[in-house]
Amino acid sequence: MPQIQIIYFSRREITAPAPIGSYKQEDVIFLLKDLSGVSLERRTEEREAAMQTGGHYSESLPIEYEPSSQYLKLFQDTLRDSARRIAGAVGVVAERMVQKHGFEIVLASLARGGTPIGVLIKRYIKQVYGKDIPHYSLSIIRGKGIDENALLYINQTHPDQHVQFVDGWTGKGAIAKVLIAACGQMYQKYGIKLSDELAVLADPGFCASMFGTREDFLIPSACLNATVSGLISRTVLRSDLIGPHDFHGAKYYKEWAAADLSHVFVDAVSEYFDQTAVASKTEAQRIADHLLQSEITWQGLQDIRRIQSEFGISDINFIKPGVGETTRVLLRRVPWKILVDRLDNPNLQHIILLAKDRGVPVEEYPNMTYSCCGIIKALKGDAE
């Protein structure tokens, strides 16, 4: 059996990050380089064409606008209807962490979809247990990996604590696989052992063993972009902007401070923790007692492959499964069509509305793990 060679590079001291984003430092510290002064935004069609002809999504940013009154209403209605449900799911995943690792943990949320969920988990543990655990948010990019400098900084600052990675939800499990590879690389390069177990609020794709729920419903933070994520853009990795000693980059949209709903979201959910904590503890214990129910089966990925085959889609990355990803396809990509498990699904009213507004066909496609899937339009004619 071949020996695995482990190379330990000398560990340089990583400089503490400059503050960025609109969250309070007690809620989260972003391990990101501020690129606010750089013009990175591209029109949706231009960006889509670049990505489909060899470019990478981390090299530019979609143009983000202040949310329209329609999107704000969608966010507010969804938050009103689901805040208690989300609080319960946050409690379940937080309780699972405490069961497995106690309070010697550091939350490392994946920017930016994981950031609001990391903030909520931190708040839950503080509110219910009186323990103030560290929370950082760092970049992970499909096809490029995780921000190693950010992980080195966390290890340097909290050398003896368990690092728990956090994201918002799972789709096909692509980020989970990037995380698995990245943790292996951190051990091989630096001798740092990290658990690649990803904790998520919602796991409709059966890609995570630590989750709050496996239901596929809309998490309100998926309705909006920067204005619900600390006014932070998606993360950027380009060699002309990010040096070998830098964290991955992001823009801080300070000019949108008046439209910022980041605190509105986490405050609304946090209000329910006292009411939901007992039920969350019970559910977390039930999952712990029936570990088979938390197995990773990649069931959702099997559905995606079937959809890819039936619709003749050349690139599996054109298929974005689950309510959160479908919402994002409709908000910031060029959609081809939307598949829904049933047209009268009450969790999908906003999907039907957004699709109608953009003139995107909606097709009923029963017997899939997810409530819906968004399919991106192939600009080179693959899915016409």
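Colleague: How many salt bridges does a search of the whole structure find?

Modeller: The search finds 18 salt bridges, the term denoting a side-chain nitrogen of Lys or Arg within 4 Å of a carboxyl oxygen of Asp or Glu. Please note that this is a predicted model, in which local features need pLDDT of at least 70 and side-chain atom pairs count only at pLDDT 80 or more, while totals for chains, interfaces and linings use all residues. Residues are numbered from 1 along each chain as its sequence is written, and side-chain values use heavy atoms, with hydrogens and water left out.

Colleague: Are Arg306 and Asp303 buried or partly exposed?

Modeller: Buried means under 20% relative accessible area, exposed over 50%, and partly exposed in between (1.4 Å probe, protein chains only). Asp303 is buried at 7%, whereas Arg306 is partly exposed at 30%. Their side chains form a salt bridge of 3.2 Å, N to O, and both residues lie in helix α8 (residues 299-311), three residues apart. Elsewhere, salt bridges with shared partners join Lys73, Asp77, Arg80 and Asp81 into one network.

Colleague: In what order do the four strands of the open sheet stand?

Modeller: Strands of a sheet pair through backbone hydrogen bonds, either parallel or antiparallel. By the criterion applied, two strands pair if DSSP finds at least two bridges between them. The order is β12-β15-β13-β14, with mixed pairing. The edges are β12 (319-321) and β14 (362-364); each has a single partner strand, so one side of each is left without a neighbour in the sheet. Strand β13 (residues 335-340) pairs with β14 in the parallel sense over three bridges, and Leu339 has Glu363 of β14 as its bridge partner.

Colleague: Which helices pack on the sheet?

Modeller: Contact means heavy atoms within 4.5 Å. Axes are lines fitted to C-alpha atoms, for helices over the stretch in contact, and angles run from 0 to 180 degrees between N-to-C directions. Helix α9 (residues 323-332) touches β12, β13 and β15 (372-376), and its direction makes about 35° with that of β15. Helix α10 (residues 349-358) touches β13, β14 and β15, its direction making about 155° with that of β13.

Colleague: How many aromatic pairs does the search find?

Modeller: Rings of Phe, Tyr and Trp (its six-membered ring) pair if their centres lie within 6.5 Å; planes under 30 degrees apart count as stacked, over 60 as edge-to-face and the rest as tilted. The whole structure holds eight such pairs. Tyr153 and Phe247 are edge-to-face, at 6.3 Å centre to centre with 85° between the planes. This pair links distant parts of the chain, 94 residues apart, and both of its members, Tyr153 and Phe247, are buried. By contrast, Tyr253 and Trp256 are stacked, at 4.6 Å and 20°.

Note on methods: Helices (H or I, at least four residues) and strands (E, at least two) are DSSP runs, numbered from the N terminus.
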